[in-house]
Amino acid sequence: MVAMSKGCYKMQRGKEHGLDMLYDYDKLLDRLYSRLPPKRSMSAYDLPVLQIEYAGTHTVVRNFAEACDRLRREPRVVMRFILRELAMPGAVDERGQLVIYRKVTPHTLQQLFTRFIESYVKCPTCGSYDTELHRRKGKIWIIKCLACGAETFARPI
Ligand SMILES: [Zn+2]
């Protein structure tokens, strides 16, 4: 009899303890979520779309610096790729806009930008866009994937 009541007591205490733990777990989760940094991983759906304008005979990519930033790539590198492919002169201005000294259609520019992403951003191993471009000794370019850790050689631009 004594042993049984002891058992009941233990069970009850165990239950209470369990509830406490559940409550704490919820609280912990809430705290965890409120502290998580904003999500940075990127899917194919939120790849940057270029905002293109024309100034006379010049083509201006208004959000160029911002788009490169999203991809963790230096605007200079992306610019070199685009200008080389177009075989046209251009520059990145002080506002971070890419100015091409010729007329280029939005379609052509967006296609080139996508090609840059495919060759210099996307991880060939897992398909993630969360990657960094590392240059070793200037001549060796490596795409380092932040999602799977794979390192892939890329052709220097
Ligand atoms: Zn990967």
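Reply: E1 pairs with strand E2 (residues 58-61) in the antiparallel sense over four bridges; two strands count as paired if DSSP finds at least two bridges between them. Within this pair, Ala55 stands opposite His58 in E2. The model is predicted, with local features requiring pLDDT of at least 70 and side-chain atom pairs pLDDT 80 or more, whereas totals for chains, interfaces and linings use all residues. Residues are numbered from 1 along each chain as its sequence is written; helices (H or I, at least four residues) and strands (E, at least two) are DSSP runs, numbered from the N terminus.

The pair belongs to an open, antiparallel sheet of four strands, ordered E1-E2-E4-E3. Its edges are E1 (52-55) and E3 (90-92), each of which pairs on one side only. On average, neighbouring strands of this sheet are turned by 20° against each other, direction ignored.

H3 lies across E3 and strand E4 (98-100) and runs at about 165° to E3; axes are lines fitted to C-alpha atoms, for helices over the stretch in contact (C-beta atoms, placed from the backbone, within 7 Å), with angles from 0 to 180 degrees between N-to-C directions.

Helix H3 (75-86) is also among the elements covering the buried residues of H4, together with strands E5 (131-136), E6 (140-145) and E7 (151-154). Those buried residues are Phe113, Phe116 and Tyr120; buried means 20 or more other C-beta atoms within 10 Å of the residue's own, exposed 12 or fewer, with C-beta atoms placed from the backbone. The face of H4 turned away from its buried side carries the exposed His107, Gln111 and Glu118.

Definitions and conventions
Contact = placed C-beta atoms within 7 Å.
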